[in-house]
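Have a look at it first, then read on.

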Amino acid sequence: MYLTKKEEEMLNGAEGGIVAKCMKLLVKLGEIYGADKMVKITSAQASGVSYKSIGEPGLEFLRGFAKDGAKVRVPTYLNPAGMDLGNWRDFGISEKFAKKQIEIIDAFKKMGVYLTCSCTPYLLGNLPRFKEHLAWSESSAVIFANSVIGARTNREGGPSALAAAITGRTGNYGLHLDENRKPDSLIDVKTDLKTNADFSALGYWTGKTIKDRIPYFCGIGDCTTDNLKIFGAAMAASGGIALYHIHDKTPEARQEIKNLEKIIFTANDLKKCRSELSDCDDPDLIVIGCPHASFAEIETLTKKLKGKKLTKELWIFTSRSQKIWADEMGYTGIIQEAGAKIVCDTCMVVSPLEEMDYKCIGTNSGKAAKYLPGFCKKKVYFADIDSLLEKGLK
Amino acid sequence: MRIKARSISEGRGEGKAITLNEPFGFYGNVDSKTGIIIEKGNPLEGKSIKNRIFIFPNGKGSTVGSYVIYALKKNGAAPKAIINTETETIIATGAILAEIPCVDHPEKDIFQLIKDGDAVEVDGDAGEIIV
């Protein structure tokens with residue numbers, strides 16, 4: 001693997017022990033996966049933030065890095081934490097958990113990581129361009145950056161993304177190379193996708209069906225950025241997919257597809273998939289915002305909730321920056337009037353939901369529906385927003 | 001006997017072998033304070049990998065596994081070295097950061113040649129296993 005003079009120096013300790021350690025890791029990974037050289041990255045997304053996910057070992061690792069003076073050298077955004085950092089007490093989080101979570105956040109802050117605590121960096125000002133190299137480690141953000149934007153990132157693990165952030169580089173392998181970005185299966189969608197839940201269900205089905213391949217979708221009509229956000233998240237959760245193409249919609253969809261194996265997705269598949277994701281139908285808690293709700297999604301919900309009174313709990317997960325706009329527009333007030341809550345910095349998957357007394361969770365997210373049963377030990381009611389609200393307002 | 005392998009993480013380690021003939025994920029499956037395997041149904045459940053040469057085919061599961069390998073080392077409960085058939089990123093990341101010698105792609109079938117308790121030396125610099 002070719003290294004520039006500067007990279008050699010970094011590897012040999014000219015910029016300190018931590019940089020050398022990170023460089024060593026990246027060079028090694030590059031060698032294992034056949035990289036010819038390093039590429040400079042323009043940003044990083046660090047996952048492994050919730051104390052629930054990384055526990056004591058993760059905290060110890062990050063504490064050590066921060067103490068030894070590690071600093072990121074490209075804009076590095078942070079994944080959701082295990083709780084709302086502002087008002088965690090309102091959500092049944094224990095003092096012990098909160099103390100550990102704050103220690104983790106402090107370690108990232110010391111390293112210069114932006115405390116965005118969101119899985120949607122692309123909605124918060126970290127918008128890469130076509131063909132830019134990144135080291136992102138949140139699977140839903142990875143698939144968004146690769147597919148919707150056409151930027152280039154592998155599915156990084158927490159420590160390798162952090163090492164890339166600290167050195168500003170990653171190995172030139174995998175999805176950084178054009179030849180590895182070609183579709184290898186064709187999915188012909190023979191049904192109209194109307195809601196986020198529909199997109200999410202197709203995403204879930206795709207990940208389950210083709211695992212970690214690169215799908216090319218035909219037959220998808222009008223769609224919003226929010227549709228694609230929830231679509232990719234489900235695909236990356238049920239499978240290991242890091243890149244998809246949609247005919248006429250995504251930037252790298254001008255590809256040879258004639259010889260690809262074709263799989264058809266019908267209205268019946270959609271129906272079957274939607275019912276497969278549910279194992280209860282009377283939610284006592286409804287969660288929206290996996291990935292984190294955009295301001296537009298909060299606005300839509302606000303309109304639907306205006307002047308109504310919920311009989312069930314409804315939590316909307318989003319980033320702090322989107323919430324500020326919701327506050328300014330008076331949406332937060334309307335949402336709270338209806339009995340719902342806006343929760344920042346965290347989500348239903350990485351918060352300690354399993355310690356709370358809810359049995360059936362309603363969601364429109366295929367990713368949430370995938371993780372809630374195992375990681376949070378909850379049953380799931382999967383439906384579109386209107387059906388969820390119907391249950392919540394009953 | 002010397003077996004050629006690919007170097008993943010540098011350093012030398014020697015100890016008694018402990019072998020597992022199935023993929024292993026460090027997250028949630030090993031106690032990072034003691035090195036004892038806690039995965040339900042794992043053939044090594046209740047046994048410790050501390051100070052052993054830990055041999056298993058490949059990794060599985062969460063990316064947080066890297067953090068667990070690092071914690072094992074910090075707690076003095078890590079294996080002396082790791083030998084895999086194919087080391088994927090999570091194990092490689094953990095071993096490199098924790099400075100635990102690790103090799104993969106051995107040229108011979110190590111599960112045939114090495115039995116639990118055999119004295120094994122791993123040379124992570126040269127990419128060699130000495131039995």
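Predicted model: local features only at pLDDT ≥ 70, side-chain atom pairs only at ≥ 80, totals over all residues.

Residues are numbered from 1 along each chain as its sequence is written, chains are lettered from A and ligands numbered from 1 in the order in which they are written, and side-chain values use heavy atoms, with hydrogens and water left out. Helices (H or I, at least four residues) and strands (E, at least two) are DSSP runs, numbered from the N terminus.

**Where the chains meet**

- Helix α3 (residues 51–67) of chain A and helix α1 (residues 65–74) of chain B have axes that come within 8 Å and cross at roughly 75°. Axes are lines fitted to C-alpha atoms, for helices over the stretch in contact, and angles run from 0 to 180 degrees between N-to-C directions.
- That makes α3(A) and α1(B) roughly perpendicular to each other (the label covers 65 to 115 degrees; under 35 is roughly parallel, over 145 roughly antiparallel, and the rest oblique).
- On the α3(A) side, the contact (heavy atoms within 4.5 Å) uses A:Ile54, A:Pro57, A:Gly58, A:Glu60, A:Phe61 and A:Leu62, which meet B:Tyr67, B:Val68, B:Tyr70, B:Ala71 and B:Lys74 in α1(B).
- Sorted by class, the residues of this contact are eight nonpolar, one polar and two charged. Here Ala, Val, Leu, Ile, Met, Phe, Trp, Tyr, Cys and Pro count as nonpolar, Asp, Glu, Lys and Arg as charged, and the others, Gly among them, as polar.

**The five-stranded sheet in chain A**

- Five strands make an open sheet with parallel pairing, in the order β12-β11-β10-β13-β14 (chain A). Two strands pair if DSSP finds at least two bridges between them.
- β12 (341–344) and β14 (379–382) of chain A sit at the edges with a single partner strand each, so one side of each has no neighbour in the sheet.
- β10 (residues 285–293) and β11 (residues 313–318) of chain A pair in the parallel sense over five bridges, and A:Ile288 stands opposite A:Ile316 in β11(A).
- Helix α14 (residues 385–393) of chain A lies across β10, β11, β13 (360–363) and β14 of chain A, at about 150° to β10(A).

**The mixed sheet in chain B**

- Eight strands form an open sheet with mixed pairing, in the order β1-β8-β7-β3-β4-β5-β6-β2 (chain B).
- Its neighbouring strands are turned by 30° against each other on average, direction ignored.
- β5 (residues 81–83) and β6 (residues 102–104) of chain B run parallel and are joined by two bridges; B:Ile83 has B:Val103 as its bridge partner in β6(B).

- The largest cavity has a volume of about 70 Å³, and its lining includes A:Trp88, A:Trp315 and A:Phe317.
- By class, that lining has eight nonpolar, three polar and one charged residues.
- The second largest pocket has a volume of about 410 Å³. Among its 22 lining residues, A:Asn196, A:Glu297, A:Thr300, A:Asn364 and A:Ile385 lie nearest its centre.
- α10(A) supplies the largest share of this pocket's lining, five residues.
- On a 1 Å grid over the protein atoms alone, a cavity is a set of points where a 1.4 Å probe fits but cannot get out, and a pocket is an open set with protein on both sides within 12 Å along at least five of seven lines; lining residues have an atom within 4 Å of a point. Grid points are joined across faces, edges and corners, and a volume is the space filled by probe spheres set on the points.
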